[in-house]
Amino acid sequence: MKSSISFIATILICCAMCETPPSIVLCSSVVSRDKWNANAATETNFLELPVKIVIICHTVTPECTTLQACIRRVKSIQKYHQKEKHWGDIAYNFLIGNDGRVYEGIGWDKVGRHTKQFNEVSIGIAFIGNFSAKPPSKAALDAAKNLLQCGCAEGHLDANYTLFGARDVSNTESPGANLNQEIQNWSHWMTMEQGQIIIPRK
């Protein structure tokens, strides 16, 4: 009983530091690699936790609005990254479908290939689709916000993490003009100058 109370107290503290209301975060289930039948990684490197930077991307692929369609899309993205790009795995730590589900990419503790010069110090979250002209679904946006809250509550993300759109830190259109405008309203978003981040030497 004491351990349960301690765990709840930890969640409450983390949520407060992550600027969420002082209540227990109900973490939505994530569609695991096993569930979408991911191929094995051919290369794995690990992040230092807790991670202090989150980068939002989009995949510039067709959108998906059902579980099965999103599974097919995630598998297709992994195949492209491994077979065509010759990367060790799918580039993103997590992907968000317009069905409102979170799909596990390489997870919280692995180094991705989503943003050059920032892969070793950040989590990359990609919305499935092209969001230059329109936003993701409300369900997708809510799923991403919940994922970030849970990342803090579970200790994967630093409570004071900084959120960027990929275009804020690299020469890209990602995550699309519309989605980039949306995330500027999120509490942890900053410009690169405000974030005062140090680019790792790679």
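## Helix H2

Helix H2 comprises 18 residues, spanning positions 67-84, and extends 25 Å from its first C-alpha to its last, close to the 26 Å expected at 1.5 Å a residue. The structure described here is a predicted model.

The residues of H2 that are buried, that is, under 20% relative accessible area, are Cys-70, Ile-71, Val-74, Ile-77, Gln-78, His-81 and Gln-82. These residues lie on the same side of H2 because they cover an arc of only 125 degrees around the axis.

## The protein as a whole

Six helices and six strands are present in the protein. Along the sequence, their order follows the pattern α-β-β-α-β-β-β-α-β-α-α-α.

Of the 202 residues in the protein, 47% are buried. Among contacts with a separation of 6 or more, 73% are accounted for by residues 24 or more positions apart. The accessible surface of the protein comes to about 10,600 Å², and carbon and sulfur atoms contribute 51% of this surface.

Note on methods:
Residues are numbered from 1 along each chain as its sequence is written. This is a predicted model: local features need pLDDT of at least 70, side-chain atom pairs count only at pLDDT 80 or more; totals for chains, interfaces and linings use all residues. Side-chain values use heavy atoms; hydrogens and water are left out. Helices (H or I, at least four residues) and strands (E, at least two) are DSSP runs, numbered from the N terminus. The expected span of a helix is 1.5 Å times one less than its number of residues. Buried means under 20% relative accessible area, exposed over 50%, partly exposed in between (1.4 Å probe, protein chains only). The arc is that of the directions from the helix axis to the C-beta atoms. Contact means heavy atoms within 4.5 Å. Accessible areas come from the Shrake-Rupley method with a 1.4 Å probe; for residues, only the protein chains shown count as cover.
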